[in-house]
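The report begins with the terms that the description needs and then moves from one element to the next.

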Amino acid sequence: MTATYTARTVTSALTTELVTDEAGFAGLAPAWGRLYGRCAAATPFQSHAWLHSWWLSYGRRGRLRLVLVRSGGELVAVAPLMLVRRPLPALVPLGGAISDYADLLLDDGDDGRAAGALTEALAHAAATALIDFREVRPGGAVERVYDRWRGPRRTIGDSPCLELPALPMDGLVSRLPSNKAQRVRAKLRKLTALGVHRRTVGPEEVDAALGRLLELHRLQWQGRNVTSEHLQPRFRDHLVRAVGAMVRSGDAVVTEFRIDGEVVAVDLTLLSRGLAGGYLYGAHPGLRERRADVAVMLLDACAEYAGAGGRGTLSLLRGDEPYKLHWRPERVVNQRLLLARRRTAPLLTATLCDAAARQRGKEVLRRWRERGEG
């Protein structure tokens with residue numbers, strides 16, 4: 001069903017809606033895409049193709065909560081949320097753990113009225129639940145709602161992300177100390193000597209290429225700790241559904257790397273107006289046996305895509321793994337924005353206590369590991 005109501009603070013030109021059914025979600029694709037193009041803060045994880053596909057794989061019946069604001073029938077704001085009941089009742093962004101950034105969509109041309117209407121509608125939709133926006137990239141559109149929120153609210157740090165400027169590979173290499181730059185150039189020459197060629201996959205080939213990506217991903221992690229979700233059928237279904245549409249709209253690019261005509265690696269890079277980020281790849285274990293540096297190979301391709309669209313950021317996405325630090329990236333911490341009504345303030349307090357306890361646990365584990373390594 002689709003519930004429609006008009007928020008108290010909007011003019012007659014603005015209406016708000018609460019969409020709770022899959023058919024309504026699917027039908028929003030054209031208007032959602034137009035709004036996505038008018039929201040500079042949006043990342044690929046806020047595209048309709050990504051979120052609708054995610055819902056089909058991971059959503060639970062009766063939990064969908066899409067809060068919309070329209071002006072003259074055109075979408076000017078969207079908060080893509082779902083209701084969870086554990087550990088506490090909360091409205092959380094669609095996209096889940098497989099999405100590196102969460103946010104809402106808000107028209108860049110908004111004079112504040114749409115943001116105000118969305119804020120009021122969110123307060124209405126939340127009722128007895130907390131609003132818990134995790135993994136918000138600094139500067140996200142949801143900050144404009146946070147600034148207008150009249151109830152209890154808090155911001156705490158979330159996952160670190162590492163970011164590079166959107167430069168061609170030569171520019172990225174020139175940022176390194178001379179000895180490291182020399183090693184990277186040698187690795188690039190090695191890739192050339194091996195005969196590695198890359199090819200951008202067309203929309204009609206995406207499904208097959210993603211199948212090869214996931215199979216190579218399984219092979220490269222065989223016998224090691226792998227993100228188990230990447231091996232699940234529901235993840236495969238989500239990726240195939242979402243990425244084909246995203247390639248057609250310019251929000252993703254799939255690249256195959258070949259040696260002597262054989263596909264040895266496949267990479268998926270996600271694109272938005274502001275950034276490009278390498279999301280997932282699969283590489284044959286034989287590449288490492290041939291002393292090919294897979295990380296350099298992938299970054300070389302991603303840097304090209306980042307620079308081609310005039311994007312400002314080449315994101316290494318979540319995580320500060322040591323291999324990423326070699327490139328001297330900027331460490332940018334995602335934010336967790338918590339919004340409560342006065343009646344739900346205890347939920348906010350409980351969430352903050354849980355987050356603090358988890359952080360203390362991580363610090364204890366880190367110090368214990370450091371002592372063990374010492």
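Helix axes are lines fitted to C-alpha atoms over the stretch in contact, and the angles between them run from 0 to 180 degrees between N-to-C directions. The helices (H or I, at least four residues) and strands (E, at least two) are DSSP runs, numbered from the N terminus. This is a predicted model, in which local features need pLDDT of at least 70 and side-chain atom pairs count only at pLDDT 80 or more, while totals for chains, interfaces and linings use all residues. Residues are numbered from 1 along each chain as its sequence is written, and side-chain values use heavy atoms, with hydrogens and water left out.

**Overall form**

The protein contains 13 helices and 14 strands. Its C-alpha atoms fill a box of roughly 65 × 55 × 35 Å along the principal axes. The radius of gyration is taken over C-alpha atoms, and the globule rule is 2.2 Å times the number of residues to the power 0.38. Because a compact globule of 374 residues would have a radius of gyration near 21 Å, the 22 Å of this protein agrees with the rule.

**Helices that pack together**

| Helix pair | Axes | Angle |
|---|---|---|
| α3 (residues 48-58) and α9 (residues 233-249) | within 8 Å | roughly 160° |
| α8 (residues 206-220) and α9 | 9 Å apart | about 135° |
| α7 (residues 178-194) and α11 (residues 294-308) | within 10 Å | roughly 90° |

Angles under 35 degrees count as roughly parallel, over 145 as roughly antiparallel, 65 to 115 as roughly perpendicular and the rest as oblique. The axes of α3 and α9 cross at roughly 160°, which means that α3 is roughly antiparallel to α9. Their crossing is right-handed; a crossing has this name if the near helix is turned clockwise from the far one by less than a right angle, and is left-handed if anticlockwise. Contact means heavy atoms within 4.5 Å, and the residues of α3 that meet α9 include Trp50 and Trp54, while those of α9 include Phe235 and Leu239. This contact divides into 10 nonpolar, three polar and three charged residues, where Ala, Val, Leu, Ile, Met, Phe, Trp, Tyr, Cys and Pro count as nonpolar, Asp, Glu, Lys and Arg as charged, and the others, Gly among them, as polar.

Helix α8 packs against α9 at an angle of about 135°, which makes α8 oblique to α9. The crossing of α8 and α9 is right-handed, and the contact includes Leu210 and Leu214 of α8 together with Phe235 and Leu239 of α9.

For α7 and α11, the angle is roughly 90°, and the two helices are therefore roughly perpendicular to each other. Among the residues in contact are Leu188 and Leu191 of α7 and Met297 of α11. By class, this contact holds five nonpolar, no polar and two charged residues.

**Strands beside β14**

Two strands pair if DSSP finds at least two bridges between them. Strand β7 (residues 130-136) runs antiparallel to strand β14 (residues 330-339) and is joined to β14 by four bridges, with Phe133 having Leu337 as its bridge partner. Strand β8 (residues 153-165) pairs with β14 in the antiparallel sense over nine bridges, and Arg153 stands opposite Leu339.

**Two loops**

The loop between β4 (74-84) and β5 (90-93) holds Pro87, and the peptide bond from Arg86 to Pro87 is cis, with omega near 0°. Asp260 is found in the loop between β10 (252-259) and β11 (262-271); phi of Asp260 is near 55°, a positive value in a residue other than glycine.
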